[in-house]
Amino acid sequence: MGQRIDVKNLNIYYGDFLAVEDVNINIEPNKVTAFIGPSGCGKSTVLRTLDRMHEIIPGAHVKGEVLLEGRNLYDKDVDPVAVRRDVGMVFQRPNPFPTMSIRENVLAGVKLNNKHLSKSDADDLVEWALRGANLWNEVKDRLDNPGVGLSGGQQQRLCIARAVAVHPQVLLMDEPCSALDPISTLAVEDLINELKHDYTIVIVTHNMQQAARIADFTAFFNLKAVGQPGHLEYFADTTTMFNNPQNEEAERYVSGRFG
Amino acid sequence: MGQRIDVKNLNIYYGDFLAVEDVNINIEPNKVTAFIGPSGCGKSTVLRTLDRMHEIIPGAHVKGEVLLEGRNLYDKDVDPVAVRRDVGMVFQRPNPFPTMSIRENVLAGVKLNNKHLSKSDADDLVEWALRGANLWNEVKDRLDNPGVGLSGGQQQRLCIARAVAVHPQVLLMDEPCSALDPISTLAVEDLINELKHDYTIVIVTHNMQQAARIADFTAFFNLKAVGQPGHLEYFADTTTMFNNPQNEEAERYVSGRFG
Amino acid sequence: MMTASEEYAKAAGESPMKGAPVIDFDKFKPTRSMVARRKRHDVAMAALISVAFIVALIPLFSVLWTTISNGVQRLNLNFLSYNMSGVIGGRPTATGGYGGIQHAIIGTLEITLGALVISVPIGIMCSVFLIEYSRGGKFAKSIGLLVDVMSGVPSIVAGLFAFSMFTILVGPGTFNGFEGSVALSLLMIPTVVKSSEEMLKIVPNDLREASYALGVTKQRTITKIVLRTALPGIVSGVILAIARVVGETAPLLMTAGYISTTNVNLFSGQMTTLPVYVYQEYSKLKVACPASAGASCVTDIPMQRAWAAALVLIVIVLILNLIGRLVARVFAVKTER
Amino acid sequence: MSSEKSTIDQPVGGKAADKVFRWVAFACGTLILVVLAAVFLFLFFRAWPLIGGDQNANKATIESFTGSKAHNFWQYVGPLAFGTILVAALALLIAFFVSVGIALFISQYAPKGLATALSTIVDLLAAIPSVIYGLWGGIVLVPAIYPFWNWVAKYLGWIPLFKGPAANPARTVATVAVVLAVMILPIITSMARDVYLQTPRLQQEAALALGATKWEMIKLAVLPFGKSGVVSASMLGLGRALGETMAVLMILSPGLHYSFKILQASQNQTIAANIAAQYPEANSLGVSTLIGTGLVLFLITFVVNFIARKITQKVSA
Amino acid sequence: AALGACGNNEPASGTSSSGSSSSAAEKISGEFQGAGASSQQSAVEAWIASYQEQNPDAKISYNPSGSGAGVSTFLTGATAWAGSDASLSDDEVSQSKSVCASGTAFDVPVYISPIAIVFNLKGISGKDKHLNLDGETIAKIFDGKITKWNDDAIKKQNLKVNLPDTAITVVHRSDKSGTTKNFLSYVKDVAPDAWSYDLGENWPNEVGQGAKGTDGVINTVSQADGTIGYADASKAGDLGTVAVKVGEKYVPYSAEAAAKVVDASPLDDSAKGDNRVVVKLDHTTKTDGAYPVVLVSYDIVCPVYKDANTAKFVKSWLTYVVSKDGQQVAADNAGSAPMSDTLRAKITKSIDAIKTK
Ligand SMILES: Nc1ncnc2c1ncn2[C@@H]1O[C@H](COP(=O)(O)OP(=O)(O)OP(=O)(O)O)[C@@H](O)[C@H]1O
Ligand SMILES: Nc1ncnc2c1ncn2[C@@H]1O[C@H](COP(=O)(O)OP(=O)(O)OP(=O)(O)O)[C@@H](O)[C@H]1O
Ligand SMILES: [Mg+2]
Ligand SMILES: [Mg+2]
Ligand SMILES: O=P([O-])([O-])[O-]
């Protein structure tokens, strides 16, 4: 089952540069929450604070709290590595490990953590994860082929399978479809709809139609001007956001002729 | 003024692999023609045959004719360098020359033919091209800054300015907006609308809304299966294509829930 | 403050072409002569580059050809399987040959292997430090500069250094193969660091992030993802580094010494390597053949041996190259494109 | 399927390994510093008698080295440093343009099959030991190149650099520079080729799409992109040329002058070759003197690399 | 060690060197190292090979690292003996106290080799062809005072030869070298007025070209017309050589002629230290048929070693090296001059001083 995330007074920095200011948001379990907004407003940045991937960038740090089921991820005694096992992430560009086969890619999260799986357990896990990612039927006959041999959309679903194979509670996705063609996009969107039964999902997207199609809640980020910090401008359930937003900026944005 | 292009029985090869089969299409002058279709169907490939960029890939060649105002580009005595001067091209990812300033980028093409450009001519040309690309106001104070210092959307418009500065008759654009955020996309789309007064424009896009918004004619490419050559499935004016297509495949494609 | 979209809307309000200069494009039309000139220029440069290429090939092929043509005449199984013990002047040995390079081949392989064992782990870990732990940091930058400086340390200085180090640590006048390995590793480390650094740099960050996002520790991410992905490149870098040192003479003369018999112990006793052998044989130039030695005595046998050994050295490098390529291919990363 | 409870508070395996690995990496990085410092200190202490020792003995040593042409260390090392830089710079000058030419040929002009074959040959040549270059240079090149130098001296002798008469046999700086150029050529070529091959397709296509000819495309896209890589490759080559011992030793007829007459014999000598020539017969004070010159060479490499780094930074900025 | 023997060119059983003296009372075994003069290299290699035929368990290596390096290494105690083109300096003798178990190191000549003055002159030079020159002319040529082959000074001495108007290119050693020092001391002794430079192992003037090693000199001389140089005679090959004026005659180099001058030379009594046998070459000798341009190379050893086995080896080694057999082996393979019995007798006395107990 998914877990809930509460972000409280979060300020996000790259070195001295305050990239995103004072975010407060409650992300419901087992729902899809979409982040939208113009480029550079900090969608990716916020997303990456939810599994402490932000701090990988030298100098990057945060102030404030991110509570996963009430436990602050940024507590001193929390190990970011452990956080990332609970909160999975899928990236904009599909990035299967090029040295690994499809099967190894799915098992990467488990194997890289030096856990030893019996062959049958591993087989089960691979099938479960690939089915979960809606990819099983397409690849079951060539699990030992390299993961990068797949098409873009298949690769992206492979990455999703890889992420769910470690049993996270939350799945973060940063523009998972922007590198994909329409048919692949459709497959991934279908998948997201399936996955929300098991996971809390947060997705960043440029594509408003996509947000409207798949999200339960939508957060609109904005930035006052280039060089200024981004902020959460408006957060609402998706129907409200696209039909009757109570925020002028948001309305202008979603009703624009964009994308 | 733009020129018309007629493609006749064009077969396009990568080495021995026939990538696109038997294309016949008439591209009207001073109109925007959009190429759409699923990934890998050969949109980019066809586009690149229109300015003989295709043949720079080792082993790539074509059979058939591409007539620019009745003159076959693939005639023996036609110099591809001259063709590319008449037919400009803008790529998916903005690619300004990284070592050059904004100004130098714009002049890069012109300088090839005019070793000694008077300063005032050059200034005029830069202003004209940048205005044409709708970028002048944003960069007029920093023409000597490097081109790569601009934002993605600005870079793409800079590339358009660079392409129009040599005053081609035709402008080819291969997914010019897919790397851009919505605001930049809007700017480029507006620009395309302006440019068609002066140029014949062919644009490849993944984004059907975009095709619907800006194209006068739309060509739908398709491929029967992966590994099979792509082909032109259906060509019509844009209104017909999106509202009342006379082709089943095309209808299915444009009415899908895609992006 | 305007929002970005507002800002754009304002800019888009007026026609961008308003006030644009009017351009007479005929002025910029390429003239016939200009087109011809560009074409000539293009052809001329192509010709120039091809000529540069051919000119460069002349000496390079001359080196190869000289070595091969001079080297083959003395190259035979006997030459490869015996050392120089019992070789007197230009007379044939009891085994029917004129002495050989078995000891030098063994010495070259062992000393190079020794250098490899020292410098590869250090070099790779150093590049890991530079790229994975301290990328762009001040300390990393100065280490980077020092690596560059180190790559410019003359080999003879490296030899002097290793010799003195062993004098202090082991005792005066110490000569052994390992000492040579230390000297060579001084020359090898920077090459390994630099090439591994480049290879680690081009491992896409995506992969690191993908691994971290799976909750994998940094150490495992580096060893199992980053290094594994960079492996083919690192291997070719290592081969390059071997090639850089396998032909060193001066530092080995000072450290590993010179001996005519086979010594398989890297850590004790002098060892001969192929370049040193080549150099020493060349220095001998020729031997005297007294009348008593008969017709089978070859006066310029040292030169023949020198060329043959040089040829063997080149062949060894070639084999290493091929092995490297093979390894790189086996571990090759299948990428899209 | 997924467990209810968050596992954040559960300990993570591999923490210790993480720490150790990090520490080892750091240690290896630091080792470079330590080793270089050790090399420097070693050179310094071994050279110390030059400064702290009996100056009369030093004078005698240097006079015996030079046949009383130099009387103190600086008079001795000055021409050597000059010769080192002259030889290396000439070699680089020759190798640079030719290498760029070959790299362009391989990366831009040659058909794929030929390019692969040539690349292999170039990589192989990069590994030919310097003794072999020395042998080849001394035995094959010296007699072969004399007519050419003679011609140069005859027709270009008005340029001070080519002042005749050309020495016969041509054991001169010019010949050595050619041999060193041939030696470092594969190194520079190999790296330059790699960076040229990595020129983004996009840049190249951008240039071609503007109607550029092939050469113009190279000028617009390939050369600017490869600049920093080629500069560092050149520095690698220069480093090797500065420190090359055997090839110089086996070919050059040395002299201790501040002279640019590269076609004449006995004008210059390099530090590394001088060490190798004098070391076998030197007594302990002599060795100190030689190590002192080694220290100067070390400092030269340091400065050269430092400058190169600054240049590369500027270029790539 | 068993593995180490692989690849050795074991002598075929039954072959032994000519009239092998069966006097070798006791076989020597162990590993022994020497280092030093490269001039001796060919000779030492031949000695090692022959010596090991009689003492198959002795593993001997010689690193031709150069006289200076060889002596330095010896003085650290790392080698059993050193080869050197120069006799020990007083300083080195006193330093040796710390290496030798007692007493001071001493040097004995082991290798005597003529230095040939080689030249390459189209139509004139060739194997066993000679030009006649006296010491003064040689000095002037090598000092750049005589620049043409048809200079009167040369013509006068070679009336039968049609000397061309070719420029003389002097070729000398570019590295520090015992050969240079011995050659120069000849020149300085016979023509002190024409040669003003200090004596040393580096070439003192800037005439002509320098080349590394004997090989370098020979190659350089062979590469161009009009060259002249000096090198160990055994490497002269096809080059022409100079017959040097001794007394009223011109003597071409030969092993016997070189041995003669050594015999005619006194020992140097100024050499401080026990047991030393240092030859003070008399370059100005008028002895009939002596060839005065000679390199004498020494072995340097201790009278008492810390390790008795080493002492045993050194004694047996030196005994062999200076023996008739040993000298003949060197003469055959390195072209050196076998020493005379008189000199051997003096050396044997010194060798006897080595204590093996
Ligand atoms: N590594 C970094 N170092 C410094 N600043 C950064 C870094 N990454 C992003 N930023 C800055 O942080 C701000 C937010 O960037 P972010 O990538 O989160 O925007 P985004 O909304 O995801 O944009 P996009 O839609 O283009 O992905 C921007 O101003 C950006 O310049
Ligand atoms: N350089 C190349 N060498 C060989 N085959 C190629 C090359 N480039 C493209 N192809 C093949 O040609 C076909 C058409 O590719 P193309 O890039 O034109 O498709 P597209 O419609 O532009 O796809 P997308 O929407 O992903 O850009 C594909 O099967 C592709 O694999
Ligand atoms: Mg983003
Ligand atoms: Mg495409
Ligand atoms: O034996 P040399 O001292 O002349 O090298």
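In chain A of this predicted model, strand E7, residues 170–174, pairs with strand E8, residues 200–204, in the parallel sense over 5 bridges. Within that pairing, Met173(A) has Ile203(A) of E8(A) as its bridge partner.

Chain A carries an open sheet of 10 strands, with mixed pairing, in the order E5-E4-E1-E2-E10-E9-E3-E8-E7-E6. Which strands stand at the edges? They are E5 (71–72) and E6 (87–90) of chain A; each has a single partner strand, so one side of each is left without a neighbour in the sheet.

I turn now to chain A as a whole. Its secondary structure comes to 10 helices and 10 strands. The radius of gyration is 18 Å, close to the 18 Å that the globule rule gives for 259 residues, and chain A is therefore as compact as a globular protein of that length. The C-alpha trace spans about 55 × 45 × 30 Å along its principal axes.

How much of chain A is buried? Of its 259 residues, 62% count as buried. As for contacts between residues at least 6 apart in sequence, 67% of those in chain A join residues at least 24 apart.

Chain B comes next. Here, too, 10 strands form an open sheet with mixed pairing, and the order is E5-E4-E1-E2-E10-E9-E3-E8-E7-E6. Strands E5 (71–72) and E6 (87–90) of chain B are at the edges with a single partner strand each, so one side of each has no neighbour in the sheet. Further inside that order, strand E1 (residues 5–14) of chain B pairs with strand E4 (residues 60–68) of chain B in the antiparallel sense, over 8 bridges. One residue pair to look at is Lys8(B), whose bridge partner in E4(B) is Glu65(B).

Finally, a helix in chain C. Is helix H8, residues 205–213, mostly covered or mostly uncovered? H8(C) is mostly covered, with 7 of its 9 residues buried.

Note on methods
Residues are numbered from 1 along each chain as its sequence is written. Chains are lettered from A and ligands numbered from 1 in the order in which they are written. This is a predicted model: local features need pLDDT of at least 70, side-chain atom pairs count only at pLDDT 80 or more; totals for chains, interfaces and linings use all residues. Side-chain values use heavy atoms; hydrogens and water are left out. Helices (H or I, at least four residues) and strands (E, at least two) are DSSP runs, numbered from the N terminus. The radius of gyration is taken over C-alpha atoms; the globule rule is 2.2 Å times the number of residues to the power 0.38. Buried means under 20% relative accessible area, exposed over 50%, partly exposed in between (1.4 Å probe, protein chains only). Contact means heavy atoms within 4.5 Å. Two strands pair if DSSP finds at least two bridges between them.
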